[in-house]
Amino acid sequence: MDLYPIEYMCHNLPLMTISGLVSPRQLSANRINTSGADIPVVVDEAFPYASELLHAFSDGSDGSIWDTSAERSEKYRQQPIFRVVAVKREYQFPLKKASPLSPRSTISVSSTSSKTAGLHSPLSPLSPESPLYPDGFITQFWLRKYREQLPSVFVGFYEIYTQTEDVQIKIAKDSELIKELSDQKKLFYDRGVKFSVVIVSRKTILQSIDLNDRIAYLRKNTGLDARSGLFFLPPSSVVEINVFAKEVKAATYSAAIDFYNNLLKHARRKKGHNGTSLVSVPGAPVLSSQGWNVRYEFKQAVFAEYRQDIELAIKLYGVVYESLLGLIESISPLSTRWNETRTLLDSIAFKILKCNLYLNQPIVAQKVFNVHLQSVASLIEKIFSTTEVYSFYNWKALQYQILAQLLEMVPEFVSPRSLPFASNPTVVIEPDFPSENLLHHAGFQYLEAARMTIQRRALCKFSSGESVDLYMSIPADQERDFNHAALIVNLLESAYSRFDAGDGIQTRFQAQIALQIARIYFESEDFVSALKYFRLAEGVYRREKWLEILGWIITDSITAANRIKSADDLVKLQFEYLAQDLAPWNTNAKGFDKFLPIDLGFSSKSEYVIDSTTIVSFISTSFAFMKSEVFISSEVRAQLTMQSRHIPSVPEIQISHMVLFFTGSLKQLVIEHEPSIEPSSRFRFLELTEEDERFTSKANLSFLSDQIKTFEFSFTVRRIEHIEASKLILVFTERDFDLKLMVDLTNIETNDWIAQWFTKDESLVTSQKLSNIIPRRLSVKPKAPHLNVFSALKGPAYVNETLLIPITIQSEESEDIKVLVTSKVLNIEGQLEFKVEWVGFESADNDTIDIGIIKAGSDPVTVKLSLMMPSETCDLVVDTIITYQLLSDPEVDITKTFSLDMPVIVPFQLSYEISPQIHPDKWPSPFFIYDLESHSPQITKRWCLSITIDAVDMTHLVVEDYDFDLTNAVGVDTLLIEDGAKGLLKGRKDSDVYTHTFLIDTTNNDAIERRLGTVDALFTLRWKRKILDENEGPTTIYVVPPIKLTFPLLEPRVFVDVVSVSSEVVHLVYFIENATSHFLSFSVTLDVNTDMTLSYPIRQQLRHQAYTAESSGGRDSDDLESSRLSREKQLQIQHANFNYEGAKQVGVRVLPYTSRRLDYDLLPLAVTFGWQRLPSLRVFDTHFKKALNVIPGSEKFRIDIKTGAVYLNISQTEAEDDKKVSEHSI
C-alpha cells in the first residue's frame, strides 16, 4: 500500500482548519493580510485551556485509509465529522491561478481577480508548470490541496481583552479586533470558505458584567451570527470544552457540505468544456475531450466522497473507472503517463471496493476486486499479448496484499474474524453464485499474494526483459537478483498470524502455511526459523492424525535440530520417531543410546521431560479399577496395562522405573525395573510394600516391539472419597541423559481396549469388558448404616418453648457398636445457630455426646435433646448425625443422618367477638346532677367479650391456667365481670376449641363527650405439652398480643329482649337508647310478614279442632296433645307467622341520656317449635337519616349477619310452662 500515493488511498473528510491555538504544525510561512495591529489575538501558550481546546477539536476522525466515521453504524450516523488541522496565523491558501511565465512564483491570497485573468490552476493540464501538462488526467497534488490546504471551514480563536476594566481600552481593543475579523471574513468569503470565530475569555460573565454587551457588539459589527459565525467560550471544564467543540462542528457542518456541493456542481458544469485550444506549445500532445471528462468526473466523485455521499461516490468512481479503461489503450505502455494512469485505475478500484465495505456490502466489494483483476488482465493481454510475465504476477500480488491490509483495518461486523469469509446476511446467494465473489478474510488474501509471488519468482527466470510491463516492477536483470524468498516468507507469516487470530476453526490452513514457511527457511538453511515453524505444523498434523505428513516433517526437523545442535528437540523428535505409526519415514530411526550425537559435547548428564499429549507416543497405557464403587475398608483391585509399538529395528525398550499418581489421599505407586523377573510374562500380580508416602513394587519393565504387559495389584481404601488415576511417569535412564515421559491418564479416550479387565488362567490370558463408564475412576462410599433412628415428638414446636426432643436409636448390627451422637439446630436460611443441651449428659461441652456401647440385639436407646425455642416464628432443622464404629473395625466410621424439620409457630390462635348487652341497672336520671364537673350523667354499659382459643395440635397441648386483664383504658372506666368460675375454661371446649366469655362494664369518665372508648385486653396462657408416655412436660407461658377493644359511647342503640316465650304468645321488649346530649326522634315500624293472612285460617282451624276435642270429653289431655302434634306434622308448617299486639308504626322522641321501652306481644299463627324468625322492627333516625340495627340483648336470640334477621327459639317445654303461667294469671 505504501507504493501508492497516500492521497489516493485515504478516506476524504471535510477539512476544518483551526488557528490561534498552540500547535507545532505550520502549513505556510506567508501571512494572511491583516490590519497589522498589535493586539493579543493569539491565545497565549500559558493559557490553561489551549491544549484542551486543541484536543477537543482534533478528537475524532483523521481521514486515514479506513475511517470508522464512514461506517454505516448507529454510532456515526448523525454525527458531524471533520478532519481537523491546526495551523498558525501564518497561513496561505493554495494558489488559485498561476502564471505560465513564472511557474513557481507565489502570489498573495489577497491578489485581485484582474491580475489572474486568463490563467489556469497550477495543477491544470493547461498550465505549463503543472505536472499534468499537457495530457495528464489528475495528480495526487490536487487531492492534497483539498485534503491539507483548502478547508471548508476555518475556525479562528481570539482572546477578548479582559486584563483591565478601563472602558476606553476595551473599546479600542474591540475595535481593532472587529477590523481584524472583518478583513479575515472578506478573504475567506472570496474563496467560499466558511469563516467562524471563537472568542475566548479569561473571565466569566459574572466577573466581567459587560462581556455579553461586548460579544453582541462584535457580532453586530463583523456580521458574524451567533449560530455559526461567532462563538463565545468563557472559562470552562474539560467536559464543557468537549461539548462546545461538538456544538461548533455541528453548527458549521452544513456549511462544509455546501462548500463541497458547490465544488461538485462547478466540476459538473465544466465537464465537456475543456481548454485544448489554449495550449500554447504547437505540436504538443493535448488531453482529449474524453480525458477532460475523466478529469471532471473524478473530481465529482472526490467531492461526493467529501460530502460523505458514499452511494454517489461509488457511482461516479465507477464511471471514471470505465472511462479510464477505454482511454488507457491510447497511452504509450512504457511511458510515465501509462504508470500514472495505471496508478489512478488501481486507486479508483480500491476506492470503490472500500466504499462498498463502508456500506457493509462485502460481496459487492469482492466482485469489484475480481472485475478489476480481470479488466487489467484483459488489458495486459491485449497490449502485451500475454500475462504470463513476472511483472503481472507482481502486480496481482500487490493487489492481494493491499486488500489484505485493508481487511485488517475493517471492523468485525463488516469482516468477521472468526469465519473463512465475510458475507452480507441480507444478500441471498443463489445456487449458481460464484464462490470467488465471497470476500475472504485477510489471511486468505496474504496467502494468495504469496502464491502470486511464488509464480512471479518462477516466471522471472524465463523473462528476457523485452516488451515487459514494468508498472510497479523492476527490470528483469534486477528481478533475478531479488530476494523473493524473504518476500514470500513475509506474506506467509502475515497470513499465518491472521489465521492464528481466528477462533481456531482453520487450523489446517495454519499448518499448511507454517509448513510452507518452514520449507523456505529449511531450503535457505535458516534452521532455527525452520524448526520453529516445523513445530507449529507438527502440532496440527499430530492432532489431525495425518501421520504420513507428520513423519516427513519430523524427518526434516531432526535434520534441522542436528544442524543447530538442539538437544531438547533431538531427544523429543527421535523418541517420537520410534513410533510405528510414522512408517515408512522412520526406517533409519536410532535407539535411545544414539539419540544424542557425540559431538554435542555434554559436560553433565541432562534430564528431558516429554509430554505424551504433544507427541505420537509408541507407548500405550491404560488403567482400570475392577469396580467403580466400593465400600470403605474394602480391598480394591486395579490393573495397569502397557504396550510398546516401537519399530522392530530397535530390539528392546527398557523403562528404569515408573510412578503412578492418584487423586485423593491414595499414595503414589512406584514400580522399579527388575531384570531377573521373566521379561516375556504377559500378566503379573504385584505385591505392594507400603512406605511412608508411597507404595513400591518390582517388575520387568523391558518391552519388545508390540509387546503387551498387564500389572495387577490390590490395596485397601481407608477414606471416603473419589479416587482417580491421574498421571503416569515413565523414566528412561541412559548414559548421557534421563528421559521422563509424562502420560496424562485423564486425557486418554476410553475405548474397547482400555475398558478391559484381564485375567490369567494358567498360561492363558483372557479379557472381559468392564461396565465402568470411566474405568480409571473409583468411588469409595461409606458402609451402609444398620441403625433405626426416629423421634416420638408429636406436633410442631412453639415459640418460647423449652422443648425436649427424644431421639431413639435402635441397632440392627450383628455385633456391638460404639456410638457418638452429634446434633445441630439451624434455621432453614442458615443464619441462626442454637445451642444444644443433652439431657442427662452434664459433662458434654459441645454438640457431640458419647452414649457408649450398644450391644447387638439390645433394646433401643433414647436420648433427649433440650432446646429453647426462639421468640419469633421460623423454620428449624434438627440435624442429628450418629457416628459409630464396629468393635471389630474401630478405624472405620459409619454414619447415619437423621433430620427433623421443625416449624416454630405460635401455640394458639385467638379470635374474639365483642357484642353489646342490656345492663340490668337503670340509667341515671338526666335531670339530676351527680357531678358538678361533668355535663352529662355517667352511663354504664355492658359488653360481652367471647374469646375462642384454637391450636394446630390441640390433642398434645394441655392448657393449665390463664390470666386476663384490662389496661390502657381511654375515655371509659372498665369493670371486668367474669362469667363463671375461672377453672371452667379447661372443660369448655367444642371440637377441641377452647371458648370463654367475659362481661365488661364501661362507664364514661370524661367530661368531654367521646364517641369512642378504647381499652387493651391482655390474655396470657399457661400450657404444657404431652411427651411420650408422660403426662405433661414443662409449663410454658404464651402471651397473646394485646387485643385492642373499641366501645362506641355515643351511638344510639336498639336492643330486643324477651320477657316470656311460648307457643301461645311471645312477649318482646325493645329498648331505644340515646347516650348523646341531643334530642333524637325515631320512626318505629313493625314489619309484619306479608303471608300472615294465609297462615291465620290454618291457625284458627287447628284451634277449633282442639276446642272440639276438649269439649267432647272422650279423650284425655295426652291423646289430645299427640293428636295436635300429628296434625301439625301433616300440615308441614315450617315457619310461624305472627299476629301482634302493639304499635305498628309510631314516632318516638328520646330525651338525652335516656332509654325508651316498647313492648310487643306476638301471637304465633301456627303451632311450631325451634328457631323462628321474628318480625323486624325498623327504627329510623329522622334527623340523621339513618336506620338503626336491632341488637339481641341476650343469648336467647340469634341474628343473621347477612340479612340482619332476628331468630328466637320456641320450645315445647317453655310452651307448657307459659300455659301454666297463663292459667295462674287468669
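Three helices each put at least two residues into the lining of the second largest cavity: H9 (336–358), H10 (362–384) and H11 (390–409). Helices here are DSSP runs of H or I with at least four residues, strands are E runs of at least two, and both are numbered from the N terminus. H9 gives the largest share of that lining, five residues. The model is predicted, so local features need pLDDT of at least 70 and side-chain atom pairs pLDDT 80 or more, while totals for chains, interfaces and linings use all residues. Residues are numbered from 1 along each chain as its sequence is written, and side-chain values use heavy atoms, with hydrogens and water left out.

In total, 13 residues line this second largest cavity, with Asp 346, Ala 349, Phe 350, Gln 399 and Ile 402 nearest its centre. A cavity is a set of points on a 1 Å grid over the protein atoms alone where a 1.4 Å probe fits but cannot get out, and lining residues have an atom within 4 Å of a point. The lining splits into nine nonpolar residues, three polar and one charged. The volume of the second largest cavity comes to about 120 Å³, and the whole structure holds 11 cavities of 30 Å³ or more.

Elsewhere, Asp 135 sits in the loop between strand S2 (83–87) and helix H3 (140–149). Asp 135 is partly exposed, at 23% relative accessible area (the class between buried, under 20%, and exposed, over 50%, with a 1.4 Å probe and protein chains only). Leaving out residues up to four places away in sequence, Asp 135 touches Pro 285, Val 286, Leu 287 and Arg 337, where contact means heavy atoms within 4.5 Å. Asp 135 and Leu 287 are 152 residues apart in sequence, yet 4.1 Å apart in space, C-alpha to C-alpha.

Methods. On a 1 Å grid over the protein atoms alone, a cavity is a set of points where a 1.4 Å probe fits but cannot get out, and a pocket is an open set with protein on both sides within 12 Å along at least five of seven lines; lining residues have an atom within 4 Å of a point. Grid points are joined across faces, edges and corners, and a volume is the space filled by probe spheres set on the points. Ala, Val, Leu, Ile, Met, Phe, Trp, Tyr, Cys and Pro count as nonpolar, Asp, Glu, Lys and Arg as charged, and the others, Gly among them, as polar.
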